Amino acid sequence: MGRKYFGTDGIRGRVGEFPITPEFVLKLGWAAGQVLSDRQVLTDGDKGKVLIGKDTRISGYMFESALEAGLSAAGLDILLLGPMPTPAVAYLTRTLRATAGIVISASHNPFQDNGIKFFSTEGAKLPDEVELEIEERLEQPMATVDSSALGKAVRVDDAAGRYIEFCKSTFPRHLSLKGLHLVVDCSNGATYHVAPSVFRELGAKVETIGVEPDGLNINVECGSTEPEQLSLAVIERGADAGIALDGDGDRVIMVDHKGEVVDGDELLFIIAREQHRRQPVAGVVGTLMSNLGMERALKAANIDFHRAKVGDRYVLERLRQNGWLFGGESSGHLLCLNHSTTGDGIVSALQVLVGMTEADRSLNELKAGMTKYPQVMINVRTTPDFDLDGCTAVQDSVRVAEAELSGTGRVLLRPSGTEPLVRVMVEGEELELVERVARGLADSVESAIAVSNDPDGPAIDLSGTSR
């Protein structure tokens, strides 16, 4: 059965446009409450409880109230956490023995967007079958339980303190960050009131960026998606490293003392290799977009590497299949399953700092063990009926491109999951060669789409390039 509302990371969209409207979110809270109530085994008098956390975007107030009303109408109690990172909600859902946790956030998106994502009682994403049940219940008329059975809402005043202590517990007690000078960029998002405290309480000297949220400035020229300000701050302030989190705190990008950005692939490599020195790491899971340099560096360290489809959901699935602990994406969404059930930017940064502290080496020195390969991606606008895999001309062009790279790189063509685009990605050792091969492949895809759409029509324009 296909999904109507849920994507790979909950429900997300533009505020005020269906389904990100107060009416829909009200009913979503009710439908989720109904399904969760049906699935749980409760003792007499226990309604079950659901945690609600949010990031700092202004629409969070509106959707928090809507979810609260919907869950109450379904007969569940509500614990309000206020602004809290997504991984904090996952952790607190588990430790407070809640029925489920809900996060109101659009992660790294601008404030005009928002979304709803759920965690199970174990602090993991809801199984597909539960999400489908919620979608089915959304199609039914909303009915409120008897007044005597309505849920109540209370605020958890010590939520931030609980999460800070959890984060600190993932850093070895025999180590300290004393002597380290860090700049922490909280993206004016959900970590603004917890992340600085974590690093300070572990001994670091901490200066901050993006800790003044106003509801509109989340992810604006700051955070993991725009680390330029952090790079400048690290250099200007003479810091040892910078840490950039995204709006809901599940991603992290770092900056070394030279102001050079250290992305998710490099951080994942550092975490796995340093852990491997303490205790053997069987393997790491990345995605189809993970840099070839990481794959080769991990194999040189005798650590196996597997690729999953793009999306942390798929990385997590492969980790569980393999029984491995470490995985992630170039964006900085990293999974350290020895500490957390979901991506946690603060915890991931701490694991990198463990490596720096134990080895007494800078972040710049630690990342030197991996050589990042130049990677070029070109987006080609496509049509719904274009068969990428079945197009002989494109597949022939792929074989020619792979021959040109002569084993020094790789080629990936994949349809976008969210836009009418074919993503043409090429990476290899030489930037000039990579750019030429990518351009040729994109031209081939563009021509094939044009022919399939209208044999006599013009070629379709490129939507843009990124490197």
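Modeller: S406 counts as exposed, at 58% relative accessibility (exposed is over 50% relative accessible area, buried under 20%, partly exposed in between, with a 1.4 Å probe and protein chains only). This is a predicted model, in which local features need pLDDT of at least 70 and side-chain atom pairs pLDDT 80 or more, while totals for chains, interfaces and linings use all residues. Residues are numbered from 1 along each chain as its sequence is written, and side-chain values use heavy atoms, without hydrogens and water.

S406 lies in the loop between α13 and β17 (409-415) (helices are DSSP runs of H or I of at least four residues, strands runs of E of at least two, numbered from the N terminus). Its phi is positive, about 50°, although S406 is not a glycine. N188 also has a positive phi of about 50° without being a glycine, but N188 is buried, at 10% relative accessible area. N188 sits in the loop between β7 (181-185) and α6 (195-201).

Helix α13 (residues 392-405) pairs with helix α14 (residues 431-453): their axes come within 9 Å and cross at roughly 175° (axes are lines fitted to C-alpha atoms over the stretch in contact, with angles from 0 to 180 degrees between N-to-C directions). The two helices, α13 and α14, are therefore roughly antiparallel (over 145 degrees; under 35 is roughly parallel, 65 to 115 roughly perpendicular, the rest oblique). On the α13 side the contact is made by A393, V394, S397, V398, A401, E404 and L405, and on the α14 side by L433, R436, V437, L441, S444, V445 and A448 (contact means heavy atoms within 4.5 Å). By class, this contact of α13 with α14 has 10 nonpolar, two polar and two charged residues (Ala, Val, Leu, Ile, Met, Phe, Trp, Tyr, Cys and Pro are nonpolar; Asp, Glu, Lys and Arg charged; the others, Gly among them, polar).

Elsewhere, helix α1 (residues 22-39) and helix α4 (residues 128-138) have axes that come within 9 Å and cross at roughly 125°; α1 and α4 are therefore oblique to each other. The residues of the contact of α1 with α4 divide into nine nonpolar, one polar and six charged. In the loop between β1 (11-14) and α1 lies P19, and the peptide bond from F18 to P19 is cis, with omega near 5°.

As for the whole, the protein chain has 14 helices and 19 strands. Buried residues make up 57% of its 467 residues.
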